[in-house]
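Please walk me through this structure, one part at a time.

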Amino acid sequence: MNNLLEVKNLSKKYQEFSLQEISFTLKKGYIMGFIGPNGAGKSTTIKLIMNLLKRDGGEIRVFGLDNIRAEREIKDRIGFVYEEPYFYEELTVLEMKKVIAPFYSKWDDQIFDQYLKRFGLSVKKKIKELSKGMKMKVWLAIALSHQAELLILDEPTSGLDPVVRRELLDILADVIQDEEKGVFFSTHITTDLDKIADYITFINNGEIIFSTTKDYIMDNYGLVKGKKAGLDNTLLKEAVGLRENKFGFEALVKDRNRFWKGSKGEFIIEKPTLEEIILYYTRGKQG
Amino acid sequence: MDIIIANSSDDPIYQQITAQIKNLIFKGELIEGDSLPSIRNLARELQISVITTKKAYEVLEAEGYIETVPGKGSYIAAQNKNLLQEKRLKIVEEKFIEGIIAARAVGFNLEEIEAMIKMLYQEVANE
């Protein structure tokens, strides 16, 4: 079984919003970033995976097992960090650990202590005395302390300063060193975690726009810039998004190499960032 | 082994890695039998995707620069000495061509270029 997580034709309908038969797969030994603007369906998807919401259709398999029928076993093997960690505010970190540890068959106090030390956290502190970033670290330490084979992180970087975010990159890279584990994280800030992501699944308005290797995206998508006169170029008809300003235009294209060959040097073609890709897809062609 | 990734470069990251490892082989800093970090370790250190380092190693292997033993890791492969010499020569040629083009662009003729090379050669040799 090489797939840690398989989501197939997953759907969930709300009045205002629906998740439209989304599919993607995460293999062992890799990190997948789940990106998209706020309200795109990231948290809904994660809650469905964790069986915190009831799905309307489709299939979710974790470690090859159905996520509802094998919920207990699956959750024992998942390390989960939720965007807004829920804690009993009056408890200390140590008391909190004592509440949570018994839920996991492979809980390891030593690992937990190591992470607390690494994160500079004291077990005696009350949860309510911790900043948002520190709470996130406690939750992260918990997620990493029961030999989870799959880490699911919902917006793990929100509230963390750049130093801790960088530390998180190292931790996640460590997790996949043995080729057995995997990481799935959602984010709407794509500038730091996307560095180490192997796969990117991009969701917008309840639909998967793409789910592929980050290298494919970076080697193929292009940001085309040029003078207004260049707007007639037929290749621009295939542009994902186009933005005109007073002095020229910018467009996102899926195949910059084709564009390169089809133009006569009248454009500037650059590698886009993931953030720019999200922006163009979200904004579309209206400019 | 030094590998430096430039985010601003237009070259894909895997190409930056292959180019630098090849260069280390040409310069003799990496020799037959030297072991390379695992793809996951290299990805971790450079803070890049595992898929990128994997592709870099696959390309190097396909071109005969490295060998991968399943379960053991990747090593610098035996290099054909003549071929290696040829490749080194090619690098030198490319650098000279670059210099000649630049020199011609600002109006130097062959004699002037030769004189300049002699002068610069002395300078480097004296260092």
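Start in chain B, at Ser35(B), which stands opposite Tyr75(B) in S3(B). This is a predicted model. Two bridges join S1(B) to strand S3 (residues 73-76) of chain B, and the two strands run antiparallel. They belong to an open sheet of three strands in chain B, with the order S1-S3-S2 and antiparallel pairing. Strand S1 (35-36) and strand S2 (66-69) of chain B are the edge strands, each pairing on one side only. A helix also meets this sheet. Helix H3 (residues 50-62) of chain B lies across S2 and S3 of chain B. Its direction makes an angle of about 115 degrees with S2(B).

Now cross to chain A. How many residues of chain A are in contact with chain B? The count is 17 residues of chain A, in contact with 13 residues of chain B. Two helices of chain A give two or more residues each to this side: helix H6 (162-175) and helix H7 (214-220). By class, the side of chain A that touches chain B has eight charged, six nonpolar and three polar residues.

Next, take chain A as a whole. It has nine helices and 14 strands. Its C-alpha atoms fill a box of roughly 65 × 40 × 40 Å along the principal axes. Of the 287 residues in chain A, 37% are buried. Contacts reach across the sequence. Among those in chain A between residues at least 6 apart in sequence, 70% join residues at least 24 apart.

Domain 1 covers 3-217 and domain 2 covers 221-283. Their C-alpha centres lie 34 Å apart. Where the domains touch, 10 residues of domain 1 are in contact with six residues of domain 2. The domain 1 side of that contact has five nonpolar, four polar and one charged residue.

Strand S1 (residues 3-13) and strand S2 (residues 18-27) of chain A pair in the antiparallel sense over seven bridges. With four residues between them, S1(A) and S2(A) form a hairpin. Within this pair, Glu6(A) stands opposite Thr25(A) in S2(A).

What lies 9.1 Å from Phe24(A), C-alpha to C-alpha, although 186 residues away along the chain? That residue is Phe210(A). Phe210(A) sits in strand S10 (residues 207-213) of chain A. Is Phe210(A) buried or partly exposed? With 16 C-beta neighbours inside 10 Å, Phe210(A) counts as partly exposed; a buried residue needs 20 or more.

The largest nonpolar core has 89 residues. Those with the most contacts inside it are Ile31(A), Met32(A), Leu150(A), Ile152(A), Val183(A), Phe184(A) and Leu252(A). Helix H5 (residues 132-143) of chain A supplies the largest share of this core, seven residues. Look at Met32(A) in detail. Leaving aside neighbours within four places in sequence, Met32(A) is in contact with Leu26(A), Phe184(A), Ala197(A), Asp198(A), Tyr199(A) and Thr201(A).

After H1(A) comes Asn51(A), whose phi is positive, near 55 degrees.

Positive phi turns up in loops of chain A as well. Phe63(A) is not a glycine, yet its phi is near 55 degrees. Phe63(A) lies in the loop between strand S4 (57-62) and strand S5 (65-66) of chain A. Phe63(A) is partly exposed, because 18 other C-beta atoms lie within 10 Å. Asn205(A) also has a positive phi, of about 55 degrees, and is not a glycine. Its place is in the loop between strand S9 (199-204) and S10 of chain A. Asn205(A) is partly exposed, with 16 other C-beta atoms within 10 Å.

Methods
Residues are numbered from 1 along each chain as its sequence is written. Chains are lettered from A and ligands numbered from 1 in the order in which they are written. This is a predicted model: local features need pLDDT of at least 70, side-chain atom pairs count only at pLDDT 80 or more; totals for chains, interfaces and linings use all residues. A residue is buried if 20 or more other C-beta atoms lie within 10 Å of its own, exposed if 12 or fewer, and partly exposed in between; C-beta atoms are placed from the backbone. Two residues are in contact if their C-beta atoms, placed from the backbone, lie within 7 Å. Domain bounds come from an automatic or database domain assignment. Ala, Val, Leu, Ile, Met, Phe, Trp, Tyr, Cys and Pro count as nonpolar, Asp, Glu, Lys and Arg as charged, and the others, Gly among them, as polar. Two strands pair if DSSP finds at least two bridges between them. Axes are lines fitted to C-alpha atoms, for helices over the stretch in contact, and angles run from 0 to 180 degrees between N-to-C directions. A nonpolar core is a set of buried Ala, Val, Leu, Ile, Met, Phe, Trp, Tyr and Cys residues joined through C-beta atoms within 7 Å.
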